[in-house]
Amino acid sequence: MSNQPKALSITLKSTGYMGIAKLIQWATQGYAEALHKRESVGVFIALLADGYGLSPVLAEKVLRGEVSYCQVDRDVTLLLDPDETDNYLHRQSAIEGHDIPRPVLVSEERPQNVHH
């Protein structure tokens, strides 16, 4: 029997004026432009890693378009494979107990309108 977790769907909830879908779009464009100019991409990675509790590796995968997702209204649901799920769960256990609220919903259900 495998100890590897099942794939998860993680919904990043919008808070404030700019929805997470637009925030990811902005960060993805900024990330690509910074790479092209050979500038630091850390601020774009930190936006998702610190703001939503994603590991820096997973945040960068989102910014590179390597993680499938779907948008529902202003929220974004990331579709994680088992390895990404394991990394996400380890990150969550590492930050548990801190007082930074993270608007994230976790589910094993997979949405239908998936973008990659």
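These legends describe close-up views of a predicted model of one protein chain.

**View 1. The whole chain and its confidence.** The chain has 116 residues, of which 38% count as buried. It holds four helices and four strands. Read from the N terminus, the order of elements is β-α-α-α-β-β-α-β. Among contacts with a separation of 6 or more, 71% join residues 24 or more positions apart. Mean pLDDT for the chain is 82, and 78% of the residues score at least 70. By element, the highest mean pLDDT is 95, in H1, and the lowest is 68, in strand E4 (residues 104-107). Where pLDDT is low, the predicted coordinates should not be read in detail.

**View 2. The largest nonpolar core.** This core contains 26 residues. Ile20, Leu48, Leu54 and Leu78 touch the most other members. Five elements are listed as giving two or more residues each: strand E1 (9-12), helix H1 (20-36), helix H2 (42-52), helix H3 (56-64) and strand E3 (75-79). H1 supplies the largest share, seven residues.

**View 3. Surroundings of isoleucine 20.** Residues up to four places away in sequence are left out of this contact list. Isoleucine 20 touches Leu12, Lys13 and Ser14, among others. Its contacts also include Leu48 and Tyr52. Arg74, Asp75 and Val76 complete the set. Two of the residues named here, Ile20 and Leu48, are among the core members that touch the most others.

View 4. Glycine 19 lies in the loop between E1 and H1. Its relative accessible area is 6%, and because buried means under 20%, it counts as buried. Beyond its neighbours within four places in sequence, glycine 19 is in contact with Ser14 and Arg74. Along the chain, glycine 19 and aspartate 75 are 56 residues apart. Their C-alpha atoms are separated by 6.7 Å.

**View 5. Strand E1 against E3.** E1 and E3 run antiparallel and are joined by four bridges. Within this pairing, leucine 12 stands opposite valine 76 of E3. Both faces of E1 are covered. Ser9 and Thr11 are buried on one side. Ile10 and Leu12 are buried on the other.

**View 6. Strand E3, enclosed.** Five of the five residues of E3 are buried, so the strand is largely enclosed by the rest of the structure. Asp75, Thr77 and Leu79 point one way. Val76 and Leu78 point the other way. Leu78 is also one of the core residues that touch the most other members.

**View 7. The E2-E3 hairpin.** Strand E2 (residues 68-72) pairs with E3 over five bridges, in the antiparallel sense. Valine 72 has aspartate 75, in E3, as its bridge partner. Two residues sit between the strands of this hairpin. Aspartate 73 takes a positive phi there, near 55°.

**View 8. Helix H1 crossing H3.** The two helix axes come within 8 Å. They cross at roughly 85°. That angle falls in the range 65 to 115, so H1 is roughly perpendicular to H3. On the H1 side, the meeting residues are Ile24, Ala27, Thr28 and Tyr31. Facing them in H3 are Glu60, Val62, Leu63 and Arg64.

**View 9. Alanine 27 in H1.** Alanine 27 is found in helix H1. At 0% relative accessibility, it counts as buried. Setting aside residues up to four places away in sequence, alanine 27 touches Phe44, Leu47 and Leu63. Leu63 belongs to the H3 group that H1 meets. Alanine 27 and phenylalanine 44 are 17 residues apart in sequence. In space they are 5.5 Å apart, C-alpha to C-alpha.

Methods:
Residues numbered from 1 in each chain as written. Predicted model: local features only at pLDDT ≥ 70, side-chain atom pairs only at ≥ 80, totals over all residues. Heavy atoms only, no water. Core = buried A, V, L, I, M, F, W, Y, C linked by side-chain atoms within 4.5 Å. Buried < 20%, exposed > 50% of the residue type's maximum accessible area, 1.4 Å probe, protein only. Contact = heavy atoms within 4.5 Å. Pairing = 2+ DSSP bridges. pLDDT = per-residue confidence, 0-100. Axes fitted to C-alpha atoms, helices over the stretch in contact; angles between N-to-C directions. Parallel < 35°, antiparallel > 145°, perpendicular 65-115°, else oblique.
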